[in-house]
Every structure is written in structure tokens, then in C-alpha cells.
Amino acid sequence: MTSRHRTPAEITARVVGTYELPGEAVFPESIGIDAATGDAYVGSLADGTLYKLTTDGKAEVWDAGGQDGRGSVAGVKVDERGRLWAAGGYEGTLRVYDLRTRELLARLATGADPSLVNDITFGPRGDAYVTDSLVPALFVAHAEPTALERWADLAAADVPWPAGLNFNGLVLTADRRSLVACQTNLGRFWRIGLASREVGEVMLAGGPLEHCDGLAIAGSTLYVAVNASNLVAVVELADDGSAGRVTRLLRSDAFAFPTAVAVSGDRLLVVNGQLDQMGSQPRLPFTVAVVAIPETW
């Protein structure tokens with residue numbers, strides 16, 4: 001739903017650093033931060049390679065594509081137990097790795113066809129909640145993952161589900177009682193109660209945000225990668241996720257079809273996916289831009 005409020009301010013992002021990912025066909029899609037070390041992890045949608053971005057500015061291959069049959073990676077997140085969760089995109093899978101040993105701990109699948117396992121966030125008890133952009137359901141894998149189970153029925157909740165990419169980025173709200181997901185093709189945002197599984201639309205002033213992709217949240221501030229618009233939107237979100245307001249639109253020449261964003265201290269890490277250049281001539285090297293977050297907006 002669109003609300004009539006003042007137009008969000010457009011700001012030139014202050015880019016203070018760049019990670020350069022090795023490879024000529026990376027097409028990175030998502031990013032996850034290891035809270036214990038500050039290191040970040042990025043996955044290649046093109047071939048499933050996982051990259052590690054260290055706090056001293058280095059980018060290196062963490063695990064080559066093709067390992068464990070992993071041919072594509074969409075969402076990447078790291079949990080509090082030092083495990084890396086990698087969504088398999090069109091493969092319909094979710095893999096869980098031990099960060100220290102790189103051991104594959106679990107390989108789960110939606111069982112749906114078609115499927116596009118896209119993004120991941122963690123609930124208060126460590127369960128992983130997962131979007132599938134082609135299936136009108138949210139999935140869950142419990143903290144001790146043995147299966148990827150359908151958890152919330154979006155069709156039954158009357159969420160519109162047109163052709164194309166639907167639910168994508170996913171975060172836990174500030175009050176830790178709900179999830180918020182963005183719907184890429186419509187630019188709408190939805191709240192799902194963890195206890196009730198009830199689904200309702202987020203009343204977003206300044207929306208919709210068509211082409212919304214990866215999400216990151218810090219307190220009441222939600223950051224939205226808006227890929228085809230080549231920007232990051234800043235949203236002030238109610239603690240319960242029921243409503244929000246787009247306050248800023250961050251732009252930069254350093255952005256290239258940004259597909260994901262993560263908060264790392266006082267900086268944003270913006271993944272330049274360049275997915276619009278797949279099968280064409282991407283701008284090399286593939287990068288993750290480091291953007292300073294102002295003390296006040």
C-alpha cells in the first residue's frame with residue numbers, strides 16, 4: 001500500500017572502502033556477518049563459490065563452487081553458533097556449514113518445483129526462517145536442522161502472488177516477535193508473527209519499493225537493497241514491524257545492481273550483484289562497497 005508523505009531525501013552515499021572479489025563471473029547475491037569476528041561471507045549465484053571478507057579489507061575464496069554439489073548460492077547468513085547457512089537459489093536447497101571446519105552439517109530441500117530458496121534470517125531461538133521467491137510459503141529449519149518445513153502459508157493469507165520473484169529479503173523485527181519480508185516484484189513488505197504465523201502488510205509510507213532485494217536491520221532502521229533502481233533505501237520501521245517510512249535513498253556510482261546489504265558496526269556492506277549483466281559484460285572486478293553510516297540521518 002502506498003501512503004502520501006513527504007518524499008524521501010536522496011543522499012550520495014559516502015563510500016569508504018571496497019572489497020574486490022576474485023573471479024570474472026562471480027555475480028554475488030547476498031552477505032552474512034559473523035558477529036564473533038566481524039568477517040563477512042558472500043555467495044556466488046553463478047557457481048556457488050563462497051567468499052570471506054576479512055575485517056582488514058581482504059576478500060578470498062572460502063569454499064570453491066561445486067563443493068558438496070553446490071552450484072549456486074543466493075542468501076548467506078551466519079548464526080550465533082558459528083554456522084554458515086547458504087540458500088541454494090533455483091536448486092531449492094539450504095546448506096549449513098561449520099565455519100571453523102568448513103564441514104557440511106546439513107543439506108535440506110524444499111521439495112518444491114520450481115523453487116528459488118532466496119534469503120534467511122534467525123528467530124530468537126535460533127531457528128532459521130527462509131523465503132522461496134517462487135513458492136507462496138515461508139519455510140523453517142530448526143536450530144538442529146533436519147528438514148526444511150513449510151511454516152507459513154502465504155496463499156491462505158491472501159498475499160498476492162504474481163509471476164516473477166515474490167518474497168525475497170527477510171529480517172527479524174526489533175521486538176523479536178515478527179519477521180518482515182519484502183516482495184520484489186510488487187515492492188510491498190509483509191509482517192509475519194512468530195507466535196501466530198499471521199501475515200499482514202507493512203504500511204510503508206514512501207513505498208512501494210519495487211525491485212527490493214536483500215534487507216538488513218539495526219534497531220528500528222531497516223536497510224533495503226533496491227537492485228534495478230541502483231540504490232539502498234533507509235526505512236524507519238516500527239519495533240513490531242507493522243509500519244514504516246522511507247526516509248532516505250542512498251545512491252552512489254559505486255553501486256552496481258545492489259542485491260544485498262549488511263550492517264557492520266558503523267558501516268554498511270553493499271553487495272554489487274550485477275545480476276542484470278548475467279550473460280553480458282559485467283564491470284570487473286565484482287565488488288562489495290563499504291559505506292559509512294552517518295551518526296544522524
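Residues are numbered from 1 along each chain as its sequence is written, and side-chain values use heavy atoms, with hydrogens and water left out. Because the model is predicted, local features need pLDDT of at least 70 and side-chain atom pairs count only at pLDDT 80 or more, whereas totals for chains, interfaces and linings use all residues.

A pair of aromatic rings is described by the distance of the centres and the angle of the planes. Rings of Phe, Tyr and Trp (its six-membered ring) are taken to pair if their centres lie within 6.5 Å, and planes under 30 degrees apart count as stacked, over 60 as edge-to-face and the rest as tilted. The structure holds six aromatic pairs. One of them joins Phe 27 and Phe 286 in an edge-to-face arrangement, with 4.8 Å from centre to centre and 65 degrees between the planes. This pair links distant parts of the chain, 259 residues apart, since Phe 27 lies in the loop between strand E3 (15-21) and strand E4 (28-33) while Phe 286 belongs to strand E27 (residues 286-292); helices (H or I, at least four residues) and strands (E, at least two) are DSSP runs, numbered from the N terminus. Phe 27 is buried, its relative accessible area being 6%, and Phe 286 is likewise buried, at 0%, where buried means under 20% relative accessible area, exposed over 50% and partly exposed in between (1.4 Å probe, protein chains only). Trp 161 and Phe 167 form a tilted pair, with 5.6 Å between the centres and 45 degrees between the planes. In this pair Trp 161 is partly exposed, with a relative accessible area of 24%, whereas Phe 167 is buried at 0%.

Grid points are joined across faces, edges and corners, and a volume is the space filled by probe spheres set on the points. The largest pocket has a volume of about 860 Å³ and is lined by 31 residues, of which Lys 77, Val 78, Glu 80, Thr 121 and Phe 122 lie nearest its centre. At least two lining residues each are supplied by E4, strand E8 (76-78), strand E12 (117-122), strand E16 (167-172), strand E21 (212-218) and strand E25 (258-264), and the largest share, four residues, comes from E21. This lining divides into 18 nonpolar, five polar and eight charged residues, where Ala, Val, Leu, Ile, Met, Phe, Trp, Tyr, Cys and Pro count as nonpolar, Asp, Glu, Lys and Arg as charged, and the others, Gly among them, as polar.

Two cavities of 30 Å³ or more were counted, and the largest cavity has a volume of about 60 Å³. It is lined by 13 residues, with Ser 30, Asp 119, Gly 214, Thr 259 and Ala 260 closest to its centre. E4, E12, E21 and E25 are the elements that give two or more residues to this lining, which comprises four nonpolar, five polar and four charged residues.

The whole structure contains zero disulfides, a disulfide being a pair of cysteine sulfur atoms within 2.5 Å. The sulfur of Cys 212 is 3.3 Å from the closest cysteine sulfur, that of Cys 182, and is therefore too far for a bond. Cys 182 is buried, with a relative accessible area of 0%, and Cys 212 is also buried, at 0%.

Thr 173, in the loop between E16 and strand E17 (178-183), is buried at 2% relative accessible area. Its side chain makes a polar contact with the side chain of Asp 175 (2.7 Å), a polar contact being a pair of N or O atoms within 3.5 Å of which, within protein, one must be able to donate a hydrogen and the other to accept it, with residues adjacent in sequence counted only if both atoms are side-chain atoms. Ser 115, in the loop between strand E11 (104-109) and E12, is buried at 4%, and its side chain makes polar contacts with the side chains of Thr 110 (3.1 Å) and Asp 132 (2.4 Å).

Terms used. 1 Å grid on protein atoms, 1.4 Å probe; cavity = no way out; pocket = protein on both sides within 12 Å on 5 of 7 lines; lining within 4 Å.
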